[in-house]
Amino acid sequence: MFSFVLAQWRSVLFSASIALILESMGALLVLTKFSLLVVSSLASQAPSQAQQLRADMPVVALLTNDDFVLRYAEKNPLDRCVMAEDLGRVFAKQPQRVAIDFDLSPLLKPSASERECQDQLNQLLQQHAGTVVLLAPFPTSAEPLLQVKHDWMQAQCQHGLHFATGEIEQSLGVVTELNLGDDATAHARLADQLHHGLSSYLCDQVTPLRNARDNRWLNERWQEQDKMAGHELGHDAAQHEPESAPINFPALTRRVAVMALNSPTFAQLPDLKENVVLVGGDWGRDDNFLTAIGNQPGVVVHAARLVSLANPIKSLPPFLGLWGDIVIALSFAWVIARFWKGYVAARRVDLSLAHRARRTSLSTLLMFTFVMVYLGLVLFFFMAAEHLFSNWGVVIAPLLIALSILVDGFVSGPVEQISDLLAEESERTFKRPGETSAQPHHHHLELAAALRQSGIAILMLMAFGAAVVLAPGATRQAAAALFAGAQIGLLGLLLLHLGRQLKTFKLGATLQALQGAARAALDQWQPGGASYPSTGLPRLEQLGLLLWWLRNLVFWGVMGWGAALLLSHSAA
């Protein structure tokens, strides 16, 4: 095993460095997001015990589709009198803070009854001004309606109410991340205000404005300009773009109580003096988002963002992350190396039998086995990643390394096999006079060993698949334990090898060997200095030597770049 590590360390470290460089450049965001989505989905599907309401647990009170149809008569904007009644039930629980994920601004031309209901709702909100954060009204390009929304927002700000934006970031049509940062725009977001404390940032921006068209939170033209500029609403383009972090959706199922507002469950809740309550709707498609736990209403996504701020998902420290990537890469590299050796042996047997008019396809069996084992290994590391994610809040992206090693293996694997064949041919061609021929190569013995390894791999894959179905929880724990054991075992092997090298280390002999190697390298540039028969094409030999040095220069350049990124991340 250790000889395999010594033989593959260059390709493994090169792949890990390339992945680190491309990830820092943002070129692998799709793979990282996909890995996060898969890990979050696996973690969310894990069985969880029913949670009892705790003092610090957020509560999501939903108005359901039945409420929208039966109580609000499918009227949009929602009936303000019915809304005041529903919010009154929420305020009766005396919550610590209340976030309302509805646009409660008035109509453009309300009737007398609608104006009365709006006034009733406004008074209710103003009575609880110190604990309420309202969703900023939806933007519009119609100037009469824009003026109405602007005047209402200014009036509520003067009564001490707070506003927040309900913008939810999506990537590839899926909600996976949230923006972070402690800049001014962070205080405008709904989840940040619930977590850090209510902020008057939006009111400070809106109150001094005399012209409604200057209200960038309500004027649709301002928002279109911000989206075209590619930054968050209200974000100063001169500042750095906000950092993002994964949303901890699995924690949502364990740390948030989600229930219908008009259900007996909500009515039986005790006072919520130490709880945050988020009120929103669960109908229609406009406020429904695809997440790692399925389609969720916007208010539930805001609750997940709130939980993520309190329980953030962490990445492994740079050196531990790199070490984990090395272990994952070595595992996939071992599978690919075994596959190519077995495939060449199987192909040789197929060709040998074809000369005897016997058609076989043993190489196809090796190819099928490789695909199944590789997919099984990907699933294994995803199960280990899910256990780390659920229990430690740590995220790793095994798919990134799996694809990197797969590409590297299918490029270097055939080259390595061709190199072995050329070495055999060279040994026969440049055989010294009087030497006997090498022992005949028995391809069927190689194939038998490869098939035995394939059979063992298939049995292990079947056992792992059965374990995933029958005992998924235990399988996740076992995968994480084996992953940790592999890292410790590899570290032990390296330390043992280093100890042996230091024990037999002799400075004089080492310097002499280095001097000989340097002299041999310099001799390659001198005519006739090669130790092998000349090709008769000195320019071709010089070109080959130049390419050899260029290859090593690229390798150590990539390694140095990756090390610099690793050290900079560690310092940060």
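I counted secondary structure to begin with: the chain has 19 helices and 12 strands. Helices (H or I, at least four residues) and strands (E, at least two) are DSSP runs, numbered from the N terminus.

I noted that the model is predicted, so local features need pLDDT of at least 70, side-chain atom pairs count only at pLDDT 80 or more, and totals for chains, interfaces and linings use all residues. Residues are numbered from 1 along each chain as its sequence is written, and side-chain values use heavy atoms, with hydrogens and water left out.

I looked up burial. Of the 572 residues in the chain, 40% are buried (under 20% relative accessible area, 1.4 Å probe, protein chains only).

Next I took helix H4 (residues 80-91) and helix H5 (residues 112-127). They pack at an angle of about 20°, with their axes 8 Å apart; axes are lines fitted to C-alpha atoms, over the stretch in contact, and angles run from 0 to 180 degrees between N-to-C directions. That makes H4 roughly parallel to H5 (angles under 35 degrees).

I listed the contacts (heavy atoms within 4.5 Å). Residues of H4 including Met83, Leu87 and Phe91 meet residues of H5, among them Cys117, Leu121 and Leu124.

Last, I checked Ala402. Where does Ala402 lie? Ala402 lies in helix H15 (residues 398-429). Ala402 is buried, with a relative accessible area of 1%. Not counting residues up to four places away in sequence, Ala402 touches Phe332, Tyr374 and Val378. I also noted Ile328: Ala402 and Ile328 are 74 residues apart in sequence, and 7.6 Å apart in space, C-alpha to C-alpha.

Technical notes: Parallel < 35°, antiparallel > 145°, perpendicular 65-115°, else oblique. Buried < 20%, exposed > 50% of the residue type's maximum accessible area, 1.4 Å probe, protein only.
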